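Biologist: Hi, I'm new to this one. Could you walk me through how to read a helix and a core?

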Amino acid sequence: MIAVEEHLARILATVRPLPATRRALDGAQGCVLAEDLRSRVSLPGFDNSAMDGYALLASDTEGASESSPVHLPVDGDIAAGDTTRHRLRAGHSFRIMTGAPVPEGADAVVPVEQSDGGVVRVAIHHGAAHGAHIRARGEDVGEGQVVLRAGTRLGPRQLALAAAVGHGDALVVPLPRVVVVSTGDELIPPGSVPGFGQVVDSNGPMLAAAARDLGVVASRVGGVADEPDTVARVLRQQLSRADAIVTTGGVSMGAYDAVKAVLSELGTVQFDRVAMQPGKPQGFGVLGAEAVPVFTLPGNPVSSLVSFEVFVAPALRRMAGRAPFETAPVIARADEGFRSPAAKTQFARVVVTSHDSEQLRVRLAGGQGSHVLGSLADAHGLAVVPPEVTQVEAGDEILVLGLDGTNPGDHVHVATAGETAGRPWFGAAALTAAGSAG
Ligand code: AMP
Ligand code: MG
């Protein structure tokens, strides 16, 4: 038996970020930048109005008030998108719209609300300060400035910035393409009714979804027979379109464990018994000329999910150019005691029951058998109990890893109904989560 840390360390020592490629921004979502992005422009690109109003000289509005407005002729309209270089004459004004270029010579904008809204002549009711309501060229971003550093993951806001500063594409680490291969003679596709002895392939959809949740690209091959030639053929076929392969099933000690039989012979995948519960039988190695990482996960649904979270997810993040671990575990207090196997790291499914005075409290999420899918779906996190602990007592502190890339604390009610009253955008879900967990 090897320790969880040892298996993980071997995986992380093998996988590397994928080679960088240039991608159009529309195809770069979720990718990590492999270059510093510099601004090709100034932002804003020109002095423009922050308000609908009147562009004018601040000094022309001196002393203006409701009771004694200043009257100025309006020389025309300037709308957003107007590319004419207008010039303001002293003592005059332009009606100007938000985002429109400020005419040369103007040094302030008076909002339309502080005027009579005139079109030919305008009455200004408030004095304007120099520079008022003008967004100055370059005040946001200077030309040539690095706006996004290599290593930054491109989400909606980063893509907006890249586009705004003049980029249509970027050098990025592409999203790893993962192929999930479910093996087992008993498996039938989701949506079909199992006959006696048959089982729906639920690991395939689960692991592909887990991979997509993580932000990588996933596809799957279902119901591969427990037959070495078939397994070998499927793996060979998938190698050309996969950056990583994840198999489930067929790696235990059974007589029909074909994945282990095939890959053991190739000699590039190492099979180990890892001191963890669930998830003991694990295999990892590389296949083919491109050295594609292959993770062979056990078939029991809970074991495969835990194995994915503990071993595959960190590896895929690294391949995507990200840090292997992005969410820190939280310390929680156990509501009730439970037993933990000796000399094994236990990953116990837990639900968050309360989050009082900054202390997260959790309890086991139903049955802990490695085949129990019902409690897996309910769980908010995995409590990690170290090998030397055989009994967790009520009130003990335990480390909890979030599932699906979430923080376990996300699952509880953190704002009171009073605090969110009248602010429905916080969502009713946040307020009921604690109820459904408890
Ligand atoms: P194995 O690791 O192949 O010995 O399978 C262990 C247990 O997991 C067996 O009860 C299998 O029927 C079940 N199992 C294997 N693969 C899947 C799958 N893709 N979906 C759901 N259950 C599975
Ligand atoms: Mg099997």
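Modeller: Exposed means over 50% relative accessible area, buried under 20%, and partly exposed in between (1.4 Å probe, protein chains only). Helices are DSSP runs of H or I with at least four residues, strands are E runs of at least two, and both are numbered from the N terminus. This is a predicted model, where local features need pLDDT of at least 70, side-chain atom pairs count only at pLDDT 80 or more, and totals for chains, interfaces and linings use all residues. Residues are numbered from 1 along each chain as its sequence is written, and side-chain values use heavy atoms, leaving out hydrogens and water.

Biologist: Which residues of helix α2 are buried?

Modeller: The general idea: an α-helix has 3.6 residues a turn, so residues three or four places apart point the same way. In α2 (residues 156–164), Gln 158, Leu 159 and Ala 162 are the buried ones. They line one face of the helix, because they fall within an arc of 100° seen down its axis (the arc of directions from the helix axis to the C-beta atoms). Their cover includes β3 (37–38) and β11 (146–148); contact means heavy atoms within 4.5 Å.

Biologist: What comes just after α2?

Modeller: Gly 166, with a positive phi of about 105°.

Biologist: And how many residues has the largest nonpolar core?

Modeller: In soluble globular proteins, nonpolar side chains tend to be buried together. Here that core has 43 residues, and Phe 295, Phe 308, Phe 311 and Leu 316 have the most contacts inside it. Helix α6 gives the most, eleven residues. A nonpolar core is a set of buried Ala, Val, Leu, Ile, Met, Phe, Trp, Tyr and Cys residues joined through side-chain atoms within 4.5 Å.

Terms used:
Chains are lettered from A and ligands numbered from 1 in the order in which they are written.
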